[in-house]
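Subject: Structure handover and notes

Dear colleague,

I am passing on the structure below, together with a written account of what was found in it. Please read the notes with the coordinates open beside them.

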Amino acid sequence: MPLSDWELWACANQVLTTHGHDARRHVAEQIGALALAGDQEGVRTWQEIARRIADLADLRDAPTSRH
């Protein structure tokens with residue numbers, strides 16, 4: 001059963017929190033291992049997590065303004 005959108009965001013946040021600047025490498029390793037195992041659903045799931053990590057990383061790096 002595929003993960004919900006909320007679950008994917010939660011996973012992305014957890015990976016980013018746990019792995020910090022190495023999050024993207026961690027995701028690439030997961031995708032590589034799943035691809036070698038022939039788990040296409042797992043690959044798709046981690047690709048979705050990777051997209052969300054990129055979005056979250058962009059938000060964290062964006063300058064904040066105070067009005």
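Predicted model: local features only at pLDDT ≥ 70, side-chain atom pairs only at ≥ 80, totals over all residues.

Residues are numbered from 1 along each chain as its sequence is written, and side-chain values use heavy atoms, with hydrogens and water left out.

The largest nonpolar core has 13 residues, of which V15, V27, W46, I49 and I53 touch the most other members; such a core is a set of buried Ala, Val, Leu, Ile, Met, Phe, Trp, Tyr and Cys residues joined through side-chain atoms within 4.5 Å. Two or more residues each come from α1 (5-19), α2 (23-36) and α3, with α3 giving the most, 5 residues. Helices here are DSSP runs of H or I, at least four residues long, numbered from the N terminus. Leaving out residues up to four places away in sequence, I49 touches L8, C11 and A12, where contact means heavy atoms within 4.5 Å.

T45 sits in helix α3 (residues 40-61) and is buried, with a relative accessible area of 18%; buried means under 20% relative accessible area, exposed over 50%, and partly exposed in between, using a 1.4 Å probe and protein chains only. Apart from its neighbours within four places in sequence, T45 is in contact with L3 and L8.

A search of the whole structure finds 6 salt bridges, each defined as a side-chain nitrogen of Lys or Arg within 4 Å of a carboxyl oxygen of Asp or Glu. R25 forms one with D22, the closest N and O atoms being 3.5 Å apart, and another with E29, where the corresponding distance is 3.4 Å. E29 and R25 are separated by about one helical turn because they are 4 residues apart in helix α2. R25 is partly exposed at 48%, as are D22 at 39% and E29 at 43%.

In helix α3, E41 and R44 lie 3 residues apart, about one turn of the helix, and their side chains meet in a salt bridge at 3.1 Å, N to O. E41 is partly exposed at 38% relative accessibility, and R44 is partly exposed at 45%. Finally, D5, E48, R51 and R52 are linked in a network of salt bridges.

Best regards
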